[in-house]
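The sequence and structure come first.

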Amino acid sequence: MQDIIPAISAVAGYVPDYIMTNHELEKMVDTNDEWIRTRTGIKERRVLKGEGKGTSVMATEVLKQLLEKRNIEAKDIDAVIIATVTPDYLFPTTANIVANNVGAVNAFSYDLTAACSGFLFALETGANFIKSGKYKYIAVIGADKMSSIVNYKDRNTCILFGDGAGGVLLEASENEYGIKDSILRSDGSGGDYLYMKGGGSVNPPSHETVDNDMHYLFQDGKTVFKFAVTKMADVSVEIMNRNNLTGDDIAYLVPHQANKRIIDATANRMGIGDEKVTMNIDKYGNTTAATIPLCLWEWENKFKKGDNIILAAFGGGFTWGAVYLQWAY
Ligand code: UT7
């Protein structure tokens, strides 16, 4: 029997309507539009407004779109995997909520956490479910409501992040194209440079954790930048080399959108020009697990069947990785 090749068969995305511009942030912290644009590439980001609205609101829209685009019914979905660091609750999982919202009654569903690399980790997981031959349709979604853990008094971090969700449907390829290779890595010694101190079992929520701002994301930007620039490029080049690909063979790099300077450095190391790099950081900022699927969603019409595409990410944990795929439709 021939090996099953897992492939992306549909892409979807959702961003909330509210646009938070750099100028709005100038009124909240000591920053300015020029600094944010030149240091990060971000002009604006989206924020999910409304009492009681969590990450599942955005992820549900994505799953509905995936079903519509592929023209399948919710009951046909075998699994829903959601990568997120901002789940609606610690449990039940956001994926449980989303699957229930669309009526995916036959799906098992769970969340997966690998911060900004979450979508790639979830994609590898879903792809292997398809490869096993046991499942037909797997939905892999990256979704984060970063505004729920960002401190809008901290100029080091509040300018960076936004809310959004994106996702893909995976199934067995009908041709020779699909997900071909992946390299995923983690290094827990980097944990202290990008994390949220409170809310877990070490520092459960209390008056003290709230008073000490422990429920907000903390980032040592400089250190994370240094690792991100090196590691994201390292794995991207490694996956190219082991698949005998040069810059000329690559149709698109789809990188995590944390900082335009990190993306430029990665593309440079890979030997590919700007025109082959998907970039929407200017509009959405860093949406953590959603950046890569949001790029896939916005570039879907440009991709051609058989295009060689590299996905690459670096994030909290530390976690990082690259995926090589050939666009299947
Ligand atoms: O997605 C997960 C992975 N995350 C990342 O990959 C993010 C990696 N890090 C970064 O992207 C960058 O480090 C930042 C964008 C977060 C910061 O850029 P930077 O070039 O590393 O700036 P910096 O932290 O070295 O700060 C330079 C200066 C400092 O002032 P002094 O000490 O030189 O006087 C900061 O206080 O810029 C100041 N600064 C700001 N100024 C205006 C920091 N934030 C701001 C701000 N507006 N928002």
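## Helix H3 against helix H4

Thr55, Ser56, Ala59, Thr60, Leu63, Lys64 and Leu67 in H3 meet Thr94, Ile97, Val98, Asn101 and Val102 in H4. Contact here means heavy atoms within 4.5 Å. By class, the H3 and H4 contact holds 6 nonpolar, 5 polar and 1 charged residues. Ala, Val, Leu, Ile, Met, Phe, Trp, Tyr, Cys and Pro count as nonpolar; Asp, Glu, Lys and Arg as charged; the others, Gly among them, as polar.

The model is predicted: local features need pLDDT of at least 70, side-chain atom pairs count only at pLDDT 80 or more, and totals for chains, interfaces and linings use all residues. Residues are numbered from 1 along each chain as its sequence is written, and side-chain values use heavy atoms, with hydrogens and water left out.

## Cysteines

How many disulfides are there? The count is 0, with a disulfide taken as a pair of cysteine sulfur atoms within 2.5 Å. The closest cysteine sulfur to that of Cys295 is in Cys116, 13 Å away, so the two are too far apart for a bond.

Cys116 is buried, at 9% relative accessible area. Cys295 is buried too, at 0%. Buried means under 20% relative accessible area, exposed over 50%, and partly exposed in between (1.4 Å probe, protein chains only).

## Asp274 in its loop

Asp274 lies in the loop between helix H9 (260-270) and helix H10 (281-284). Helices are DSSP runs (H or I, at least four residues), numbered from the N terminus. Asp274 is exposed, with a relative accessible area of 62%. Asp274 and Leu253 are 21 residues apart in sequence and 9.4 Å apart in space, C-alpha to C-alpha.

Note on methods
Helix = DSSP H or I, 4+ residues; strand = E, 2+ residues; numbered from the N terminus.
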